[in-house]
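Me: I'd like to go through this model piece by piece. Can you take my questions in turn?

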Amino acid sequence: MDNLDFVSFIYVILTYAAFAILIIGVVWKIIVYAKTPMPVKIPLTPAPKTKTGAFFRVLGEVFFFKSLYRSNKSTWVGGYVFHVSLAIVLIQHVLRHYVYDFYHGNPPAWYNLLVPIGLVFGTLMLISLVYLFLRRIFVERVKFISVLSDYFILVLLMLITIAGLSEIVFQSPAALEKSVVQLDAFFNKLFIFQPVDIPHNPFFLLHYTLVLILLAYIPFSKIMHFVGIFFSPTLAMNDDVRENRYTDERTTRLTI
């Protein structure tokens with residue numbers, strides 16, 4: 001890393017640190033979830049009778065938020081728009097940063113649609129985040145159960161989105177494309193531990209700094225629901241207690 005300027009050196013260290021915290025933290029949480037004993041079977045009824053049915057029930061929650069839709073449709077709209085927009089924006093980021101490199105600087109015509117797609121779904125994501133934030137402030141029953149971390153993550157996500165949209169709105173296409181090319185090289189070299197200078201565009205650096213904060217914060221936040229949902233006994237367990245007696249060897253000591 002001797003050839004890096006000071007700003008790039010700092011961001012290389014921060015990037016490795018953020019991803020290390022993210023990966024180690026998520027793996028540790030998965031281990032904790034997997035080792036947590038379940039003394040009794042507590043599926044949320046009506047529940048599927050088979051493990052296959054329980055698996056598809058979890059997938060229904062992952063892709064369609066079915067229980068949220070049944071309980072609160074207005075919240076479901078805001079949450080679903082956010083998650084779908086986020087997924088599309090993430091895919092757009094990956095395509096934008098690597099398609100250009102894959103085609104050796106001569107990307108196909110559809111590549112030019114990626115920026116408008118990012119602008120549209122980034123805007124939808126911001127609108128949904130503002131709605132979810134205001135809901136926590138003005139809906140009394142939601143405000144009652146909200147804690148500081150709930151507001152923090154929404155504000156952080158809004159700032160990330162605003163910074164990302166600013167890259168598109170306040171920069172020329174040439175400047176934006178230059179940052180994309182430089183960022184492509186930056187990440188490619190990071191993966192092989194031969195880092196090069198990061199783009200010094202201030203819009204990008206603000207956006208990227210906020211993203212690193214988010215990545216490091218994920219293992220300690222409610223965002224871990226993207227993993228925890230697969231270990232949720234109320235959703236992942238099938239309802240066959242009458243057919244098969246449920247036992248968990250890890251909880252035997254609790255019944256002695």
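Me: What is the handedness of the crossing of H1 and H9?
Reply: Bear in mind that this is a predicted model. In it, helix H1 covers residues 6-35 and helix H9 covers residues 202-217, with their axes 8 Å apart. The crossing of H1 and H9 is left-handed.

Me: Are H1 and H9 roughly parallel or roughly antiparallel?
Reply: The two helices pack at an angle of about 30°. Angles under 35 degrees count as roughly parallel. H1 and H9 are therefore roughly parallel.

Me: How is H5 oriented to H7, roughly parallel or roughly antiparallel?
Reply: Helix H5 (residues 114-138) and helix H7 (residues 148-169) have axes that come within 9 Å and cross at roughly 155°. An angle over 145 degrees counts as roughly antiparallel. That makes the orientation of H5 to H7 roughly antiparallel.

Me: And by class, how many charged residues does the contact of H5 with H7 have?
Reply: H5 passes H7 in a left-handed crossing. Their contact has 18 nonpolar and four polar residues, and the charged ones number two.

Me: Moving on to the loops, does serine 221 count as buried or exposed?
Reply: Serine 221 is in the loop between H9 and helix H10 (225-228). Its relative accessibility is 11%, and buried means under 20%. So serine 221 counts as buried.

Me: Which residues does the cis peptide bond with omega of about 0° join?
Reply: Look in the loop between H1 and helix H2 (51-64), where proline 46 has its place. With omega at about 0°, the bond is cis, and it joins threonine 45 and proline 46.

Me: Phenylalanine 65 has a positive phi without being glycine; is that residue buried or exposed?
Reply: Phi of phenylalanine 65 is near 55°, and the residue lies in the loop between H2 and helix H3 (66-71). Its relative accessibility is 14%, so phenylalanine 65 counts as buried.

Me: What about phenylalanine 193, buried or exposed?
Reply: Phenylalanine 193 also has a positive phi, near 60°, and sits in the loop between helix H8 (173-191) and H9. At 63% relative accessibility the residue is over the 50% cut-off. Phenylalanine 193 therefore counts as exposed.

Me: Among contacts between residues at least 6 apart in sequence, what share joins residues at least 24 apart?
Reply: For scale, the C-alpha atoms fill a box of roughly 65 × 40 × 40 Å along the principal axes. Of the 256 residues in the chain, 38% are buried. Of the contacts you ask about, the share joining residues at least 24 apart is 73%.

Technical notes. Residues numbered from 1 in each chain as written. Predicted model: local features only at pLDDT ≥ 70, side-chain atom pairs only at ≥ 80, totals over all residues. Heavy atoms only, no water. Axes fitted to C-alpha atoms, helices over the stretch in contact; angles between N-to-C directions. Helix = DSSP H or I, 4+ residues; strand = E, 2+ residues; numbered from the N terminus. Parallel < 35°, antiparallel > 145°, perpendicular 65-115°, else oblique. Left-handed = near helix turned anticlockwise from the far one by under 90°. Buried < 20%, exposed > 50% of the residue type's maximum accessible area, 1.4 Å probe, protein only. Contact = heavy atoms within 4.5 Å. Nonpolar A, V, L, I, M, F, W, Y, C, P; charged D, E, K, R; others polar.
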